[in-house]
Amino acid sequence: MEGIRRSARRPMAVAASAVAVTALAACGGSDGGSGGSGSASGESCTNEIVNADAPQVSVWAWYPAFEQVVDNFNETNDDVQICWTNAGQGADEYTKFSTALEAGSGAPDVIMLEAEVLSTFTIRDGLVDLSEYGAGELEGEFTEGAWSDVTNGDAIYAVPVDGGPMGMLYREDIFAEYGVEVPTTWEEFATAAQALKDAGYEGYITNFPTNGNAFIHALMAQKGWEPFTYDAAAPTEIGIAVDTEPAQEVLSYWEGLVDEGLVSTDEAFTADYNTSLVDGTYAVYLAAAWGPGYLQGLSDADEEATWRAAPIPQWEGEEPTQINWGGSTFAVTSQADDPELAAQVAMGIFGTEEAWDIGIEEAALFPLWKPVLESDGFATREYEFFDGQQIQQDVFLEAASGYQGFTFAPFQTYVYDQQTQQLFAMVEGSVDSAGALAGFEKSLVDYATAQGFTVTE
Amino acid sequence: MTTSTVTTSAPGRGATPTEPGRGRGSRIEHNRQRWGWFFLTPFAIVFLVFLVAPLGYAFWMSLHTSTLAAGESFTGIANYQRAFTDPLFLEGLLRVGKFVVVMVPIQIGIALAAALVLDTLATRLSKFSRLMIFAPYAIPGMIGALMWGFLYSPRFGPATDLFELFGATAPSFLASGTVFGSLVNIVTWQWSGYYMIIIFAALRGIDPAIYEAARIDGANGWQTALRIKVPMISSALVMVVIFSLIGTLQFFTEPAVLRTVAPGAIPADYTPNMYAFALAFSYSQFNYASTIAFALGIVVFVFSYVFLYLTRKKSGLK
């Protein structure tokens, strides 16, 4: 999915070329446009309002093909209309939302957020608990893992939309050409990497991006890494356990591959990386369910390429564990004029099969809504990019149902920045994996303490 | 400069030179001042609303501390104490300090050399060269940095192919050890032309008769350039150095743009301005970000003041 890949990105400094003192102070809510105007006017909507008499709810979202979903919603709802704005992807949008929260106005009524940033905004009282507005009834319509990502105790902070269960996309032609078996475990993966190299393959089995953010989190989570304990009900307490055995094992595994030159360490989501993904430089793309959609959108692809999807490798001798990378939700902001109406919209946008027809067909989203997720049509859908392989049934459905949820920190951007710095130092060779994790943990504990948290390690 | 134009364009003083006219003169003076204020009003309003008020507000914010868990409280100058002991801020300052030491002399050196050469040539080629040297400045900083990001890329940039011609491997321009030089290169490329134009304009302002006198006295081209021209444009040079100094201390655009392709080599707190940006917009610490911005402002002010003080004779400000 076009949008979520950017989750790993840093906020682009487009408008900020001159961060003067003034910019810091005066950045109010000028960006918001439609923000906060809720039912006031529809003039700044990207979409056409079908039913002009109905109250409007402003929505920020960056899904591809979202306009069609909005039109579908507006045409089928007489009592409420969506006024949609694309306020940027991922971090770009969060920056605006965060600024609007600071300013006290300018936020939309409903906002698309990745699950990983929900606690970043709940701690700033930016989101409305949807349990008051009947969101609890939706629990049965989502998988356990997806639901746990948006809830905290009895509080429900968002409605899940799409997910990023992980699988392994690989170049069948490359593996066949060099006569290497497709790996199913990480141990086999390392052997295959060496075998490919020995057989004369000039690329790398895959890439280990130091700015992989949620991707790196997911790899470590597969071994049972639970870096944070955080409960929105006790917002001043946080448990940080970053430098633990699962993380050490996973990181030293990748450190080994990097040191032997078996994987590359290109920064992800750059033009170089995008080209390498599709021109045969990488034989494997460890991807989320939105990955195929992402691949298809890239140019300079090797036309001879034969892509296949397989389950994510597992650790030998351990219970198979499914992991998730990205995925998004709809939340209602604390600046919503009419939280009840906004909640109705947040729950309703992707609550119909028509909306999901568009979401799956046009935007290549992976639905978390069970009526679609568990439908035969979705499971047996054949993907042309994979020469007709039923990738959902083969790979992602199982990955999604096995995912147990993950707790992120309420300052996740900082966590990602620190992770990037430590991993970069590791691949440059200035620290080893143990040192990187120790530095990572220390920086987070220091930061959390300075931010007034009671930290338990 | 402005004051000198005001005084010279005040014929009123000449019209009432005698003492008896003093009462009338001061009324005229008074009237003139009122009109002065009147014409100043549009600017003054914009200045107060968009510069002074936000500055005041940012300063007020910088006196408060807001943390994620503990909320906001008034803490006076505690934030400033924290800023000037914050290793990230100090490292950033040290880094821009290094940029100042390396980048300012290179830029000014290139600009001065180009201006002196162009000043002595009078062919059509010199006009064209002047335009070409200036051209990078006409490209917005964002675009320039993005473009260089591609040029530095091992896949899209020319370096890989060029080095291959000689059988060598191209260095990585975006590794942590080389990114400093890559940034110096971008900024020099972008700004040297601009400084060159300023210096060139100052050179054009020198009376050619002086050169003639120098020639008659037996000065050669080098001597004219170094002993006559450079001293005579020293005030322009001081101004250019000040521009360059302040710009470098506030370094932001180029590293922020390159960060999208080299997030490992350029951390979020690479320069003080980037640190302030990250604090405010990535980590939601608006108060501390204001403090960092002010602290940087103080440092810039001190540096500029010291420099102007040291060069007060050359700059003509004394």
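Helices (H or I, at least four residues) and strands (E, at least two) are DSSP runs, numbered from the N terminus.

Before going on, please keep in mind that this is a predicted model, in which local features need pLDDT of at least 70 and side-chain atom pairs count only at pLDDT 80 or more, while totals for chains, interfaces and linings use all residues. Residues are numbered from 1 along each chain as its sequence is written, and chains are lettered from A and ligands numbered from 1 in the order in which they are written.

Back to the helix. The buried residues of α10(A) are Asp272(A), Tyr273(A), Asn274(A), Ser276(A), Leu277(A) and Val278(A). What do they pack against? Their partners are β9 (284–288) and α11 (291–296) of chain A. Two residues count as in contact if their C-beta atoms, placed from the backbone, lie within 7 Å. Just after α10(A) comes Gly280(A), with a positive phi of about 95 degrees.

Now visit another spot in chain A. Tyr178(A) sits in the loop between α6 (172–177) and α7 (186–198). Because it has 16 C-beta neighbours inside 10 Å, Tyr178(A) counts as partly exposed. Apart from neighbours within four places in sequence, Tyr178(A) is in contact with Leu196(A), Ala199(A), Gly200(A) and Tyr201(A). Take Gly200(A): it is 22 residues from Tyr178(A) along the chain, and the two C-alpha atoms are separated by 7.6 Å.

Step back to see chain A as a whole. It has 18 helices and twelve strands. Its radius of gyration is 22 Å, close to the 23 Å that the globule rule gives for 457 residues, so chain A is as compact as a globular protein of that length. That radius is taken over C-alpha atoms, and the rule is 2.2 Å times the number of residues to the power 0.38. Of the 457 residues of chain A, 56% count as buried. Among its contacts with a separation of 6 or more, 76% come from residues 24 or more positions apart.

Chain B comes next, with 16 helices and two strands. Its radius of gyration is 25 Å, whereas a compact globule of 318 residues would have one near 20 Å. Along the principal axes, the C-alpha trace of chain B spans about 80 × 65 × 30 Å. Of its 318 residues, 34% count as buried.

An unreviewed UniProt entry annotates residues 37–60, 99–122, 134–153, 165–187, 232–252 and 288–310 of chain B as "transmembrane region"; positions follow the numbering used here, feature names are shortened, and such annotations may be inferred rather than shown by experiment. One of these spans, residues 134–153 of chain B, is 85% helix and 0% strand, with its end C-alpha atoms 25 Å apart.

Finally, where do the chains meet? The contact takes 43 residues from chain B and 39 residues from chain A. On the side of chain B that touches chain A, the elements giving two or more residues are α3 (22–62), α7 (141–152), α13 (253–258), α14 (272–282) and α15 (286–310) of chain B.

Note on methods: A residue is buried if 20 or more other C-beta atoms lie within 10 Å of its own, exposed if 12 or fewer, and partly exposed in between; C-beta atoms are placed from the backbone.
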